Amino acid sequence: MLNKVLLIGRLTKDPEVRFLPSGMQVSSFTLAVNRSYKDKSGQWQEETYFFDIETYGNLAERVGKQFSKGYQIYLEGSLRQDKWETQAGEKRNKIKIVADKISLLSKPGEQKNVAMKEEDLSIPPEDLESDDEIPF
C-alpha cells in the first residue's frame, strides 16, 4: 500500500507547537493549496483547499522556529485519520497530513523562491525516538 502526499501551499497562520507526554515536540498548522482549472464554459476557475498538517520531533521544532503565516512550502507526508466519539455518542473523524519533509519555497512578499535543501528540514532517522511516541 502507498500513503504519500505531496503539496505546495501557504501557511494560513503561524505554527502552534506543543509537547507530547513523552516530551516529543509536535507542530500544527494549516496549509492553503490552490487549484486552477477550466470549467465547462472554458473560463479559468480557482479553488482553495485547506489541510491540517502536523510534524513531530526535530522537524516540529524547526517548523515552529523558522516558519510563519504566509510562507510558501513544499511538503511530503502521509495521511492519518483521527477517530473519536462525542459525548452524545456520535462518531467523528478527521483526516490530517503528517509531514516528514518540508522545504521553504518563499516568504511573504518575495518574488523568487528561497533555496533551502530538503534535508535541512527533514527528520534524520536517528532523531526519531520511536514509533510508540507518535500518536497513530
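A contact is defined as heavy atoms within 4.5 Å. This is a predicted model, in which local features need pLDDT of at least 70, side-chain atom pairs count only at pLDDT 80 or more, and totals for chains, interfaces and linings use all residues. Residues are numbered from 1 along each chain as its sequence is written, and side-chain values use heavy atoms, with hydrogens and water left out.

Q: Which pattern does the protein chain follow along the sequence?
A: Helices (H or I, at least four residues) and strands (E, at least two) are DSSP runs numbered from the N terminus. The protein chain has one helix and six strands. Read in sequence order, the pattern is β-β-β-β-α-β-β.

Q: How many bridges join S3 to S4?
A: Two strands pair if DSSP finds at least two bridges between them. Strand S3 covers residues 25–38 and strand S4 covers residues 44–56. Within this pairing Leu31 stands opposite Phe51 in S4. The two strands run antiparallel, and the number of bridges joining them is 13.

Q: In which sense do S4 and S6 pair, parallel or antiparallel?
A: Strand S6 spans residues 91–106. Ile53 stands opposite Ile97 in S6. S4 and S6 are linked over two bridges, and the sense is parallel.

Q: Which residue in S6 is the bridge partner of Gly77?
A: Strand S1 (residues 5–11) and strand S5 (residues 72–85) run antiparallel, joined by six bridges. Val5 stands opposite Gly77 in S5. S5 is also joined to S6 by 14 bridges, again with antiparallel strands. In S6, the bridge partner of Gly77 is Ala99.

Q: Which residue in the turn of the S5 and S6 hairpin has a positive phi?
A: The hairpin of S3 and S4 has five residues between the strands, and Gly42 takes a positive phi near 90 degrees. S5 and S6 also form a hairpin with five residues between them. In its turn, a positive phi of about 85 degrees belongs to Gly89.

Q: Why does Ile53 count as buried?
A: Ile53 is found in strand S4. Ile53 touches Ser27, Ser28, Phe29, Leu31, Leu75, Ile97 and Ala99, not counting residues up to four places away in sequence. Buried means under 20% relative accessible area, exposed over 50%, and partly exposed in between (1.4 Å probe, protein chains only). Ile53 counts as buried because its relative accessibility is 1%.
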